[in-house]
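Thanks for coming. I will walk through some contacts, rings and strand pairings in one model, so please keep the structure open while I talk.

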Amino acid sequence: MFDSKQIFSIQSEEDFQNVALEVFRYQAQENEVYKNFLNFLNVDYKKIQHTNEIPFLPIQFFKKFEIISGNRPIEKIFSSSGTTGTATSKHLVTDLALYHYSLEKCFEQFYGPLSDYTIFALLPSYLERTGSSLIDMVEYWIEKSGSNKSGFYLYNHDELYENLVAHEKTGKKAILIGVSFALLDFVEEYKMQLEHTIVMETGGMKGRKKEITRQELHTILKNGFGTEEIHSEYGMTELLSQGYSRGDLTFKSPNWMRILIRETEDPFKYVKEGKTGGVNVIDLANYNSISFIATDDLGKKITHNQFEILGRFDHSDVRGCNLLVIE
């Protein structure tokens with residue numbers, strides 16, 4: 001019987017390969033959608049010997065099917081945001097405790113214990129809808145921080161400013177996590193000199209402000225908050241793990257998560273490190289769903305656990321994407 005906690009004990013590439021292949025074989029048998037996908041591709045899961053040989057499930061499948069491995073009951077449904085009339089992704093979570101364990105272990109790998117921080121959250125667009133995995137994550141951060149100063153802020157920028165200033169005077173560590181447009185709105189009103197607070201953006205500009213590059217965004221935020229760096233979080237509805245950037249515009253993944261970069265014109269081939277292509281994610285914490293996802297992101301792999309995110313696919317311009325869609 002596979003113990004999911006093995007996922008978080010990975011220390012080497014050999015560990016990763018062994019656990020990833022075990023997870024793959026489990027999902028190839030116990031996930032009906034993935035099993036059908038492999039059959040469609042004439043892939044015999046027993047012959048797969050390395051993660052580079054594993055077919056990745058297109059992320060669009062989360063909009064059409066219930067992606068579940070095993071027979072545990074659904075505990076929570078995370079859903080993506082979407083414009084009116086468009087289908088949204090639904091991630092059926094059958095082990096919420098595993099998600100919380102994953103995100104806490106992930107945070108600790110990059111930042112240390114959550115109990116060392118006060119969490120200030122400026123996530124209005126996510127708070128205003130239901131089913132956000134980001135809100136669930138930050139709620140868990142707030143709970144584990146143990147600080148009575150931790151909390152969410154909607155549009156009450158005055159209160160946030162006053163609390164940030166007061167907290168800075170204590171000399172204790174804090175994280176201000178915010179959606180990009182809300183952080184920009186905030187620094188238009190207030191200028192600060194933060195020394196003990198990490199500012200972390202989660203993306204999210206579409207339809208709210210003029211699109212700018214991440215580098216331009218970070219320059220504005222660094223000037224506004226008086227910090228030398230802006231951190232970033234890379235996550236999505238369909239994943240249970242996160243990548244983090246500590247200010248250099250590249251992300252690092254935890255030990256149980258890997259990024260592979262596929263060719264844009266042949267989704268079953270991979271490009272070399274440093275080349276641009278489609279982002280495939282291995283998230284072993286997604287044990288009860290699917291751990292092998294072909295995303296709509298464009299990116300670049302730098303090392304085995306370091307990567308850049310460069311944008312999104314325009315599907316009308318990318319040949320070969322039709323290979324990834326089964327109606």
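The side chains of Thr 88 and Lys 90 make a polar contact of 3.3 Å. By polar contact I mean a pair of N or O atoms within 3.5 Å; within protein, one must be able to donate a hydrogen and the other to accept it, and residues adjacent in sequence count only if both atoms are side-chain atoms. Thr 88 sits in the loop between β2 and β3 (90–93). Helices (H or I, at least four residues) and strands (E, at least two) are DSSP runs, numbered from the N terminus.

Some bookkeeping. This is a predicted model, in which local features need pLDDT of at least 70 and side-chain atom pairs count only at pLDDT 80 or more, while totals for chains, interfaces and linings use all residues. Residues are numbered from 1 along each chain as its sequence is written, and side-chain values use heavy atoms, with hydrogens and water left out.

Next, another threonine. Thr 118 belongs to strand β4 (residues 118–122). Is Thr 118 buried or exposed? Its relative accessibility is 5%, so Thr 118 counts as buried; the cut-offs are under 20% relative accessible area for buried, over 50% for exposed, and partly exposed in between, with a 1.4 Å probe and protein chains only. The side chain of Thr 118 has a polar contact with that of Ser 147 at 3.1 Å, and another with the side chain of His 167 at 2.9 Å. Contact in general means heavy atoms within 4.5 Å. Leaving aside neighbours within four places in sequence, the contacts of Thr 118 include Lys 149, Lys 173 and Ile 175.

Now the nonpolar part. A nonpolar core here is a set of buried Ala, Val, Leu, Ile, Met, Phe, Trp, Tyr and Cys residues joined through side-chain atoms within 4.5 Å. The largest one has 95 residues, and those with the most contacts inside it are Trp 141, Ile 177, Phe 225 and Leu 284. Helix α4 (residues 96–111) gives the most to this core, namely eight residues. Ile 177 touches, among others, Ile 119, Leu 134, Met 137, Trp 141 and Met 200, not counting residues up to four places away in sequence.

On to aromatics. A pair of rings is described by the distance of the centres and the angle of the planes. Rings of Phe, Tyr and Trp (its six-membered ring) pair if their centres lie within 6.5 Å; planes under 30 degrees apart count as stacked, over 60 as edge-to-face and the rest as tilted. How many aromatic pairs does a search of the whole structure find? The search finds 22. One of them, Phe 78 with Tyr 99, is edge-to-face, at 5.4 Å centre to centre and 65 degrees between the planes. Phe 78 lies in strand β2 (residues 76–79) and Tyr 99 in helix α4, so this pair ties together parts that are 21 residues apart in sequence. Phe 78 is buried, with a relative accessible area of 0%, and Tyr 99 is buried, at 2%. For Phe 107 and Trp 141, the ring centres are 5.0 Å apart and the planes at 65 degrees, so that pair is edge-to-face. Phe 107 is in helix α4 and Trp 141 in helix α6 (residues 133–145), so the pair ties together parts that are 34 residues apart in sequence. Both Phe 107 and Trp 141 are buried.

Helix α6 also holds Ser 133, which is buried, with a relative accessible area of 10%. Ser 133 touches Phe 78 and Tyr 99, and also Met 236 and Thr 237, not counting residues up to four places away in sequence.

Last, strands. Two strands pair if DSSP finds at least two bridges between them. Strand β13 (residues 292–303) pairs with strand β1 (residues 57–58) in the parallel sense over two bridges, and with strand β12 (residues 276–283) in the antiparallel sense over six bridges. Ile 293 in β13 stands opposite Leu 57 and is the bridge partner of Val 281. Six bridges also join β13 to strand β14 (residues 306–312), running antiparallel. β13 and β14 form a hairpin with two residues between them.
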